[in-house]
Amino acid sequence: MRRSSNVILTLVAALLGFARPLLAEDDSPARVEELKGQVEGMNETMLEMQSTLSALAKVKISGYVQAQFRTGESDGQASFAGGSFPNGVHSQFMVRRGRLKVNYAAGLTQYVLQMDVTQNGVGIKDAYAQITDPWSKSLSLTAGVFDRPFGFEISYSSSSRESPERSRMFQTLFPGERELGAKIEYQPSGSLLNAKAGLFNGTGPTANENDNNKDLIGRVGFQLPFYDANAEIDGGVSFYGGKVRYNSKFVYAVAGDRWAVDSTSHPVGDYFDRNYLGLDLQSYFNVLPAGGSSVRFEFITGRQPSTSSSNSAYSVAFNAASTPLYRRDVSGWYLNAVQNIGRRNQVVLKFDVFDPNTSVEGSAIGKAGANFTPADIAYTTFGAGLVHHWDSNVKFIFYYDVVSNETVDHATTTANLVPFKEDLKDNVLTIRMQYRF
Amino acid sequence: MKKIFLALALLALPMIAPAQRGAITVKGSDTMVILAQRWAEIYMSAHPDITIQVTGGGSGTGLSALQNGTTDIANASRPIKPGEREKLKQRFNSLGVEVKAARDGLSVYVHESNPVRELSLDQIKSIYTGEITNWKTVGGPDAKIVLYSRENNSGTYVYFKDYVLRGSDYAAACQNLPGTAAVVNGVARDRNGIGYGGAAYSKGIRSIGVRKEAGSPAYEPTEANIRSGNYPISRFLYMYLREKPTGVIKDYIDWIISPAGQEIVTSVGYFPVR
């Protein structure tokens, strides 16, 4: 003990002896000036770094990957739960979405570029510039490729959505969700109302314009918060007013229980209406002690120019081969309920209906000579799932879609409608892991 | 297929059982840290079965933690922003519950030796936006003004920007420091410094009187002036929760806004909400 104390005392004495000249040196005016210069130099460096970092802070990089396994009831089945299965396959691993988003926000202006990288390649999702007015800061102009300003589900991010996919009607009427165009959005601070509207090519997010007509899309929305109850009701009315040019003189419309053709009153190159009207409502409330809950409803009705075999929007290039145009009246709706259970878990139920041709019932679709196709069959989808948030970055989704179709009951039906004499085996189980940063 | 679905559902059942709550996590405003720690210490001493973990990081950090589910309570020295509410809606289907937990006079600090006793809101704005750079312009010595501020994840930073700078940007020369204590320390060591922060921190430096307009009287950030509304830079200090509180968290919040909890507000140097 004594020996160690002696060692310590010796060390302290040595240190003090060493420190004395240093302290003396520190006290000298020259040394103080030197240190002051060094500190000032460091301050200048810090300020320079600060200005560099401030510029970098305007750049935000975010993204998410959705890796999933899904299995269907039959090989090669058509599906809206992540796309149709490859021929001969009813189960697969896939990267459903692989997003990387760069956002540069400089005060009242911003630039956004979002890519989607999956096993199918690289695609563009968003590429737009946005400016906000400097006076009220409630009016903004966006131009480029971005979400169509229609309804709720289109702009509800796939990374936040509790069901793996959007409802069938949105996937059919607004494939890819985005569109090329420009919109004005009015979102006054503290107001219950908001509005957005824009003009778009109407050909989808990655196709070039093929006519001189621009489609008008817009939504007038409201938000009614009830802060004391921690509840809110949001909603809106949306409209889509567009036209497509067709290359054929043949225009089909439903007459009674069959397609009837009109080849005289519509000259080639004329325009045809593509109009939708939508209503959306979302309610948020607490179910204690479980957690927050939401019920969302959306309804769309309208007229869809399409083709015999496809109920997607009609769109052909100027000199493309003529394709007869089919006028379909469409409607669809969904009801989605989400219940949070504690911090990490959510239970999801969704019921989704889409009728691509409201003018005809399933019983008439297979009638000989009626010329209906699978594109006229209505579907309902009941989905149920569990979402588990592993942490703030990772979540798992277990989701099962029960898909039911209208059935055809005619014995003489065409070959392509024969499978629809009964409910198709096309249910899908999706197990997804998502990482978001 | 049905068997697979049922098996998965059974596996997932344990996940949906609500977690037992014997611990409360509180994160957010640095202005409120000393108050939140004091509340937690006293509450835990009376409830030994409850653990309350308090951390700072700034109001934005706390509200972000509330959005991603990593804290039960977010302390904020500013109201929640609409965008933050939207994120709560998306993730938790909830708007968030706001609890006004205390009041604060946002003090403007100068060095004890600084002869400037009062400033108007416009003068403070001009100083922090870099229009006024010398103390001489506002009746002080002929010396360059050194600006101390908070970092941009701080609710105090946002509040000061919104209500004093009225949305204008801080001057580039502003030194952003992590925490009000660092700002106070910076000003205490710098004869030409100016900073801002919670009234509870105004020790070791001097808080100046603030005039609402050039010709109006100046008021110090005292309890009387803040309660009467005369001091022009007063604000509420908030606690935010995801849902309406139940169980242990409700008990804790009820206690904080009770007379016993509000006495602690006064003892720490802030002001009670009622």
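This is a predicted model: local features need pLDDT of at least 70, side-chain atom pairs count only at pLDDT 80 or more; totals for chains, interfaces and linings use all residues.
The side chain of B:R235 reaches the side chain of B:T156 in a polar contact of 3.3 Å. At the interface, 45 residues of chain A are in contact with 33 residues of chain B. Inside the structure, a search of the whole finds 3 cavities of 30 Å³ or more.

**Around B:R235**

- B:R235 belongs to strand 13 of chain B, which covers residues 234–241.
- Is B:R235 buried or exposed? B:R235 counts as buried because its relative accessibility is 4%, and the cut-off for buried is under 20%.
- Leaving aside residues up to four places away in sequence, B:R235 touches B:T31, B:S77, B:A102, B:R103, B:D104, B:L106, B:G155, B:T156, B:Y159 and B:G198.
- Among these neighbours is B:T156, the partner in the 3.3 Å side-chain polar contact.

**Where the chains meet**

- Chain A and chain B bury about 3,200 Å² between them, and 58% of that area is on carbon and sulfur atoms.
- Which three residues supply more than any other three of the area that chain A buries against chain B? They are A:N230, A:R343 and A:Y400, with 22% of that area.

- A:N230 sits in the loop that links strand 8 (215–226) with strand 9 (231–245) of chain A.
- Its backbone stands out too: A:N230 has a positive phi of about 50 degrees, although it is not a glycine.
- A:N230 counts as buried because its relative accessible area is 0%.

**The largest cavity**

- How much space lies in the largest cavity? The volume there is about 200 Å³.
- Its lining is made of 20 residues, and those nearest the centre are A:F80, A:R166, A:D352, A:T381 and A:D401.
- Two or more lining residues come from each of these elements of chain A: helix 3 (168–173), strand 15 (345–355), strand 16 (379–389) and strand 17 (394–405).
- Of the elements, strand 17 of chain A gives the most to this lining, namely 3 residues.
- By residue type, the lining of the largest cavity divides into 7 nonpolar, 6 polar and 7 charged residues.

**The second largest cavity**

- The second largest cavity has a volume of about 60 Å³.
- Chain A supplies the lining, with A:N201, A:G202, A:T203, A:E209, A:N210, A:D211, A:K243, A:V244, A:R245, A:Y314, A:S315 and A:V316.
- Here the lining splits into 3 nonpolar, 5 polar and 4 charged residues.

**Other backbone points**

- What is the form of the peptide bond from A:L288 to A:P289? This bond is cis, with omega near 5 degrees.
- You will find A:P289 in the loop between strand 12 (271–287) and strand 13 (291–306) of chain A.
- In chain B, B:R166 has a positive phi of about 50 degrees, although it is not a glycine.
- B:R166 lies in the loop between helix 6 (155–163) and strand 8 (175–177) of chain B.
- B:R166 counts as partly exposed because its relative accessibility is 46%, which falls between the 20% and 50% cut-offs.

Key
Residues are numbered from 1 along each chain as its sequence is written. Chains are lettered from A and ligands numbered from 1 in the order in which they are written. Side-chain values use heavy atoms; hydrogens and water are left out. Helices (H or I, at least four residues) and strands (E, at least two) are DSSP runs, numbered from the N terminus. Buried means under 20% relative accessible area, exposed over 50%, partly exposed in between (1.4 Å probe, protein chains only). A polar contact is a pair of N or O atoms within 3.5 Å; within protein, one must be able to donate a hydrogen and the other to accept it, and residues adjacent in sequence count only if both atoms are side-chain atoms. Contact means heavy atoms within 4.5 Å. On a 1 Å grid over the protein atoms alone, a cavity is a set of points where a 1.4 Å probe fits but cannot get out, and a pocket is an open set with protein on both sides within 12 Å along at least five of seven lines; lining residues have an atom within 4 Å of a point. Grid points are joined across faces, edges and corners, and a volume is the space filled by probe spheres set on the points. Ala, Val, Leu, Ile, Met, Phe, Trp, Tyr, Cys and Pro count as nonpolar, Asp, Glu, Lys and Arg as charged, and the others, Gly among them, as polar. Buried area is the accessible area (1.4 Å probe) that two parts lose on being put together, summed over both.
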